[in-house]
Amino acid sequence: MNLVVLVTGANSGIGLALCERLLSQGTRGLQLCLACRNMRRAEAARSVLLTSHPTAQVALLHLDTSSISSVVRAAQEVRLRYDRLDYLYLNAGIMPNPQFDVTAFFKGLFSSKIIPMLATGVGILTQKDGVTSDGLQEVFATNLFGHFLLIRELEPLLCHAGQTSQLIWTSSSNAHRSAFNLEDIQHQRGSQPYSSSKYASDLLSLALNTHYNKQGLYSSVTCPGFVMTSLTYNILPSFPAFVWTLLMPVFWLIRLVTNTFTLTPQNGSEALFWLFKQKPESLDPYAKYHSLTSGLGNNYTQPRKMDIDLETSESLYETLLQLESEVRKNFHGTSESERASQRGGRGISRGMDHLRVNTERFQ
Ligand SMILES: NC(=O)C1=CN([C@@H]2O[C@H](COP(=O)(O)OP(=O)(O)OC[C@H]3O[C@@H](n4cnc5c(N)ncnc54)[C@H](OP(=O)(O)O)[C@@H]3O)[C@@H](O)[C@H]2O)C=CC1
Ligand SMILES: CC(C)CCC[C@@H](C)[C@H]1CC[C@H]2C3=C(CC[C@]12C)[C@@]1(C)CCC(=O)C[C@@H]1CC3
């Protein structure tokens, strides 16, 4: 059987580590597709993978999840290239302009909330969000909506009679109900867009199971733990690399009390890889599958109930469908010459100006 696996944000961190593990376990005929926004980095990732697995089938796909036109074009390309899609890893993610609250961190260290604070980062992190050329909030567009649109565009490959397909989200322990608001799903008015987008992915996964299980499509949510990647290095950009290295023994000690300090991308990809080997029908739609690493360095996967409910997940799903239909109307309303100039990388914001206006009421 030729399994097709597509991973978004596959050129670094957890996504790349997952690809390495998928190839290492030696599934015959596995076709891996790295969907990345930066083709130079994607090429470099493919070289790394092919160095250790010279006969592997590793394809590249240009995909910028924050851009509607890029998602639509990438999905078109996938439909041309493949006649099935068995696993879709929705892994690409950003946490732009993170602000680390040092005072809250030190207060937390000497309070009873120390363990949850170290495990989730809740209460010590905020971000400054931007707006995409489509007029959407950047974190929402990148982490959630681009992926939602991708799933909808790939429906013909994902919903096949007689076979199951899996959607696997890289969510986070930072996902928190208090950061999410159904009236402001893009988190335009708050300072925790990352937490909001990850909580929204937890809700959306539940809704996707409700609507697509009958068609053989299953969705699950993972949490990689705290992993040292470019995303986390960016939280304390003033720390040179050697400071992080010096802190490693401290982190290993913390791991003795919270197994969420997975630290390496390989450890962090544990749950994503574990799900690859599971029968999707046996998975719990209300569970988040956590990558955990014990004090002795052993990796394992543990399901934990999410703080989500069916009603909110349905409301979010309906709102996303409305936004999708608005976005499609505007995208198809764009003239061919405008789309051609978008393809050339110019005039995206001009071509999508009317969309920005129309999406305003969804923000
Ligand atoms: N590190 C951690 O502790 C945790 C991470 N996560 C999640 O894990 C996922 C992977 O992050 P991680 O490996 O840590 O960090 P990395 O920054 O190493 O990986 C993020 C990947 O997403 C890609 N990406 C970002 N924006 C886009 C976009 N618009 N279109 C396509 N690809 C994009 C990046 O590409 P590029 O190289 O071009 O920037 C990169 O390949 C994210 O969803 C993150 O939120 C969750 C919990 C904890
Ligand atoms: C000695 C200190 C300077 C150590 C600082 C540690 C913090 C920077 C980290 C402790 C818990 C971490 C954490 C995340 C980021 C970095 C910490 C706050 C995340 C929020 C990163 C993104 C996620 O999705 C979840 C992570 C949870 C834990």
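Modeller: Happy to. One term first: a residue counts as near a molecule if its C-beta atom, placed from the backbone, lies within 6 Å of it. Keep in mind, too, that this is a predicted model.

Biologist: Got it. So which residues come nearest to ligand 2?

Modeller: Leu118, Gly121, Ser172, Asn174 and Phe226 do, out of 13 residues around ligand 2.

Biologist: And how does that shell divide into nonpolar, polar and charged?

Modeller: Around ligand 2 there are 7 nonpolar and 6 polar residues, and no charged ones.

Biologist: What about ligand 1, which residues come nearest there?

Modeller: Ligand 1 has 29 residues around it, and the nearest are Gly9, Gly13, Ala92, Gly93 and Thr229. That shell holds 17 polar, 9 nonpolar and 3 charged residues.

Biologist: Which helices supply at least two residues of the shell around ligand 1?

Modeller: Helix H1, residues 13-24, and helix H9, residues 230-233, each do that.

Biologist: Switching to the backbone now. What is the phi of Asn97?

Modeller: Positive, at about 40°, although Asn97 is not a glycine. You'll find Asn97 in the loop between strand E4 (87-90) and strand E5 (98-100).

Biologist: Is Asn97 buried, exposed or something in between?

Modeller: Asn97 counts as partly exposed, because it has 13 C-beta neighbours inside 10 Å. The exposed class stops at 12 or fewer, and buried starts at 20 or more.

Biologist: Nice. And where is His187?

Modeller: His187 is in the loop between strand E7 (165-170) and helix H8 (193-212). Its phi is also positive, near 60°, in a residue other than glycine.

Biologist: Why does His187 count as buried?

Modeller: Because His187 has 25 C-beta neighbours inside 10 Å.

Biologist: Okay, helix packing. How do H3 and H6 cross?

Modeller: The axes of H3 (residues 68-81) and H6 (residues 138-153) come within 9 Å and cross at roughly 30°. Angles under 35 degrees count as roughly parallel, so that is how H3 and H6 lie to each other. The crossing is right-handed.

Biologist: Last one: where does UniProt place the "transmembrane region"?

Modeller: The UniProt entry, which is unreviewed, puts that feature at residues 235-254. In the model, residues 235-254 are 70% helix and 0% strand, and the end C-alpha atoms lie 19 Å apart.

Biologist: Great, thanks for the tour!

Note on methods
Residues are numbered from 1 along each chain as its sequence is written. Chains are lettered from A and ligands numbered from 1 in the order in which they are written. This is a predicted model: local features need pLDDT of at least 70, side-chain atom pairs count only at pLDDT 80 or more; totals for chains, interfaces and linings use all residues. Helices (H or I, at least four residues) and strands (E, at least two) are DSSP runs, numbered from the N terminus. Ala, Val, Leu, Ile, Met, Phe, Trp, Tyr, Cys and Pro count as nonpolar, Asp, Glu, Lys and Arg as charged, and the others, Gly among them, as polar. UniProt positions are given in the numbering used here, feature names are shortened, and annotations may be inferred rather than shown by experiment. Axes are lines fitted to C-alpha atoms, for helices over the stretch in contact, and angles run from 0 to 180 degrees between N-to-C directions. Angles under 35 degrees count as roughly parallel, over 145 as roughly antiparallel, 65 to 115 as roughly perpendicular and the rest as oblique. A crossing is left-handed if the near helix is turned anticlockwise from the far one by less than a right angle, and right-handed if clockwise.
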